[in-house]
Amino acid sequence: MDICVFNLTDNKIRNAILDVWDSGAEVRIITDDECMKNKGSDIEFLANKGIPIRTDDSERNHMHNKFALIDGKFLINGSFNWTAAAGKGNNENIMLIDHPFYLEKYMTEFERLWNEFSAN
């Protein structure tokens with residue numbers, strides 16, 4: 001599971017990611033360097049469990065993507081921030097895509113960001 005997400009504060013999503021990791025599956029997360037330091041962020045918790053994390057290091061710009069690749073077969077993408085507020089009340093959108101064209105584009109982008117950003 002490759003996750004590229006601006007912010008992650010929803011404990012249900014955090015626990016689902018941890019369940020995937022604990023099952024022995026590979027998980028990698030790219031996130032915004034400033035958001036991971038915010039109160040309520042679950043990124044440090046996941047990093048302490050051993051999940052590899054990378055962040056941007058820009059003071060002016062944000063890594064603002066919100067997508068995940070599941071087993072190279074599914075893409076989850078949309079405006080949905082992975083936060084409790086998004087799940088409880090925000091007007092958000094999210095799509096599940098299995099078309100090879102989009103999977104390839106997002107896998108390429110994930111790898112580009114993974115190689116560009118710093119390990120944390």
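1. Two strands pair if DSSP finds at least two bridges between them. Keep that rule in mind for the sheet. The model discussed here is predicted. Start with strand 1 and strand 4: four bridges join them, and they run antiparallel. Within this pairing, isoleucine 3 stands opposite alanine 68 in strand 4.

2. Now turn to the other neighbour of strand 4. Strand 5, residues 74-78, is joined to strand 4 by four bridges, and the two run antiparallel. Alanine 68 has isoleucine 76 as its bridge partner in strand 5. Isoleucine 70 has phenylalanine 74 as its bridge partner in that strand. Strand 4 and strand 5 form a hairpin, with three residues between them. In the turn, aspartate 71 has a positive phi of about 55 degrees.

3. Strand 4 is mostly covered. Five of its five residues are buried. Look at its two faces in turn. Lys66, Ala68 and Ile70 are on one side, Phe67 and Leu69 are on the other, and all are buried. Note that a lysine is among these buried residues.

4. The largest nonpolar core has 18 residues. Those with the most contacts inside this core are Ile3, Leu8, Ile17, Ile29, Leu46, Ile51 and Trp82. Which element gives the most? Helix 1 does, with three residues. There is also a second, separate core of 12 residues, which includes Cys4, Ile30, Phe67 and Leu75.

5. What does leucine 8 contact, leaving aside its neighbours within four places in sequence? The partners are Ile13, Arg14, Ile17, Gly40, Ser41, Asp42, Ile43, Leu46 and Trp82. Of these, Ile17, Leu46 and Trp82 are also listed with the most contacts inside the largest core.

6. How many disulfides does the structure hold? The count is zero. Cysteine 4 is in no disulfide, and the nearest cysteine sulfur, that of cysteine 35, is 12 Å away. A disulfide needs the two sulfur atoms within 2.5 Å. Cysteine 4 counts as buried because its relative accessibility is 0%. Cysteine 35 also counts as buried, at 6% relative accessibility.

7. Now the charges. Side chains of opposite charge can pair when their charged atoms come close. The count here comes to six salt bridges. One joins the side chains of arginine 28 and aspartate 2, at 2.9 Å from N to O. This pair links distant parts of the chain: arginine 28 is in strand 2, aspartate 2 is in strand 1, and they are 26 residues apart. Are they buried or exposed? Both are buried. Asp2 and Arg28 also belong to a network of salt bridges with Glu26 and Glu111.

8. Arginine 112 has two salt bridges to check. With glutamate 109, the N to O distance is 2.8 Å. With glutamate 116, the N to O distance is 2.6 Å. Arginine 112 and glutamate 109 both lie in helix 4, three residues apart, about one turn of the helix. Arginine 112 and glutamate 116 also both lie in helix 4, four residues apart, again about one turn. Arginine 112 counts as partly exposed, at 43% relative accessibility. Glutamate 109 is partly exposed at 26%, and glutamate 116 is partly exposed at 49%.

9. Last, histidine 64. Where does this residue lie? Histidine 64 is in the loop between strand 3 (53-55) and strand 4. Its relative accessibility is 45%, so histidine 64 counts as partly exposed. Aspartate 98 is 34 residues apart from histidine 64 along the chain, and their C-alpha atoms are separated by 22 Å.

Notes. Residues numbered from 1 in each chain as written. Predicted model: local features only at pLDDT ≥ 70, side-chain atom pairs only at ≥ 80, totals over all residues. Heavy atoms only, no water. Core = buried A, V, L, I, M, F, W, Y, C linked by side-chain atoms within 4.5 Å. Buried < 20%, exposed > 50% of the residue type's maximum accessible area, 1.4 Å probe, protein only. Contact = heavy atoms within 4.5 Å. Salt bridge = Lys/Arg side-chain N within 4 Å of Asp/Glu carboxyl O.
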